Amino acid sequence: MKKIVVVGAGKIGSTIAEMLAATGDYQVTLVDRSAAQLIAAELPATVAALELDIEAAGTLEAALAGKFAVLSAAPFHLTTRIAEAAASAGVHYLDLTEDVVSTRRVKELARSGKSAFIPQCGLAPGFISIVANDLASRFDSLESVRMRVGALPQYPSNALNYNLTWSTDGVINEYCEPCEAIVEGELVEVPPLEEREEFSLDGVTYEAFNTSGGLGTLAETLKGKVRTLNYRTIRYPGHAAIMKALLNDLGLRHRRDVLKDIFESALPATLQDVVIVFVTVSGRKNGRLLQETYANKVYSQRVGNQVRSAIQITTASGICAVLDMLADGSLPATGFIKQEEIALDTFLANRFGRAYAQHEMVSRLAS
C-alpha cells in the first residue's frame with residue numbers, strides 16, 4: 001500500500017480520501033487544522049485523521065516523511081506551502097488549484113525537485129485540458145479551442161441561480177483574477193465576468209463568461225498553434241450580471257471576506273447538482289475546415305456510504321486517476337507534468353476516470 005496524505009478535509013478532500021482508501025491500494029491520512037472539520041468528514045475507519053496546522057514551520061514536512069505523495073485539497077492560498085513541503089520531503093505532489101500564481105511557483109519547485117509535481121488535477125483546470133488537447137490533436141492545424149465548464153444546481157431557486165457546490169474561496173478567486181486567453185494568436189489577459197455568451201444544451205439555456213485559471217497550462221502549450229483559445233464558466237442566465245454588481249458596483253472584490261460570509265450565510269449547499277463539460281475545437285483536416293465537440297453531463301451519485309455531489313465526484317476522480325497513473329508508472333516520476341500530457345483514453349480507462357465516461361452519463365440518465 002502506498003502512503004498518501006490528503007490536505008484539506010472539506011467536501012473535495014474527504015471524497016478523495018474515501019475514494020482512495022476504498023481501493024485497498026492506498027493508506028490514507030487526511031490532514032486539516034480543524035478537528036471539527038475532520039469529524040464532519042465522516043471518514044471510514046480505513047482513513048486516518050490528523051489535526052495539524054500546516055502553516056507552522058516543519059509540521060507538514062514531518063507528516064510527509066516516508067509518504068508516496070501529498071494531494072492538496074486545501075484553499076488556493078495554501079498551495080505553495082504544501083508544494084514547498086513536498087519538495088522538501090521529496091514526495092510526489094498533486095493539487096486542484098485554479099490559481100495561476102500558485103501554479104507558477106509549483107513549476108519553479110519542479111525544476112529542482114526529485115519527485116513529480118502535477119498541479120491542476122481536478123475538473124477545470126484538469127480534465128477539461130485533457131479533453132481539449134485530445135480533440136486538438138486530431139487536426140492538422142487549429143483555428144479555435146473553446147472550453148466551457150459549469151457546476152450547477154439541478155434545481156436553481158434563487159436570483160443567482162446558484163448553490164455552493166465547492167470551495168467558496170475558489171469561486172470568488174476565479175471571478176476576480178485576470179483570465180488567460182489566446183486572441184488572434186497572441187497570449188493575453190482578459191477580464192473576468194466579461195465576454196458573456198449564451199448557448200443551449202439538451203434544451204436548457206446557459207450563459208458562459210470569462211473566469212480565471214480554467215485553462216491551466218494549455219495556453220502555454222498551444223501558444224503559436226491556435227488563433228483563438230479561451231475558457232469560460234457556465235452558469236444559468238442572470239448570474240453574471242448580479243456578480244458584476246456585487247464585485248464591481250458594491251466593491252466586494254476588495255472585500256472578499258465579506259462576500260464569502262454572504263455566500264456561505266445565504267446560499268445553501270446542494271448535492272443535487274450537475275457538472276457540464278463542453279469543448280469545441282475547429283481546425284483543418286486534409287485542407288477542410290472542420291469542427292469537433294465534446295459534451296458531457298455528470299450527476300451526483302452514491303460513493304461508498306454517502307451521496308456525493310457531481311462536483312465532488314468529478315474533481316476527486318480527476319486527481320485520484322492521476323495519482324493512480326503516477327503510482328503504476330504511466331506518468332513520469334520526476335518533473336513538472338501538465339494535464340494535457342495525459343492521454344484521454346488512458347484517463348477514461350482508469351478506475352477513477354470512468355466517472356467521466358460517456359456511458360456512465362447515459363446509464364445515469366436512463367435510470
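The protein has 13 helices and 17 strands, each taken as a DSSP run (helices are H or I of at least four residues, strands are E of at least two) and numbered from the N terminus. This is a predicted model, in which local features need pLDDT of at least 70, side-chain atom pairs count only at pLDDT 80 or more, and totals for chains, interfaces and linings use all residues. Residues are numbered from 1 along each chain as its sequence is written, and side-chain values use heavy atoms, with hydrogens and water left out.

**The whole chain**

Start zoomed out. The C-alpha trace spans about 55 × 50 × 45 Å along its principal axes. A compact globule of 367 residues would have a radius of gyration near 21 Å, and the 20 Å of this protein agrees; the radius is taken over C-alpha atoms, and the globule rule is 2.2 Å times the number of residues to the power 0.38. Of the 367 residues, 55% count as buried (under 20% relative accessible area; exposed is over 50%, partly exposed in between, with a 1.4 Å probe and protein chains only).

Next, select β3, β2, β1, β4, β5, β6 and β17. In that order, these seven strands form an open sheet with parallel pairing, where two strands pair if DSSP finds at least two bridges between them. At the edges sit β3 (47-51) and β17 (335-336), each pairing on one side only.

Two helices pack on this sheet. Helix α1 (residues 11-23) touches β1 (2-7), β2 (26-32), β3 and β4 (69-72), and its direction makes about 165° with that of β2. Helix α11 (residues 310-327) touches β1, β2, β4, β5 and β6, at about 160° to the direction of β5. For these angles, axes are lines fitted to C-alpha atoms, for helices over the stretch in contact, and values run from 0 to 180 degrees between N-to-C directions.

**Along β4 and its neighbours**

Zoom in on β4. A69 and L71 point one way, V70 and S72 point the other way, and all are buried. On one pairing, β4 joins β1 in the parallel sense over four bridges, with L71 as the bridge partner of V6. β4 also pairs with β5 in the parallel sense over four bridges; here S72 stands opposite D95.

Carry on from β5 (residues 92-95) to β6 (residues 116-118): two bridges join these parallel strands, and Y93 stands opposite F117.

**Helix α4**

Now select α4 (residues 79-89). Its buried residues are T79, R81, I82, A83, A85 and A86. An α-helix has 3.6 residues a turn, so residues three or four places apart point the same way. The cover over the buried residues of α4 includes β1, α3 (59-64), β4, β5, α5 (100-112) and β6. Just after α4, look at G90, which takes a positive phi of about 75°.

**The cysteines**

Last stop: select the cysteine sulfurs. The structure holds zero disulfides (pairs of cysteine sulfur atoms within 2.5 Å). For C121, the closest cysteine sulfur is in C320, 10 Å away and therefore too far for a bond. C121 is buried, with a relative accessible area of 1%. The closest cysteine sulfur to that of C179 is in C176, 10 Å away, so it is too far for a bond. C179 is buried, with a relative accessible area of 1%.

Definitions and conventions: Contact = heavy atoms within 4.5 Å.
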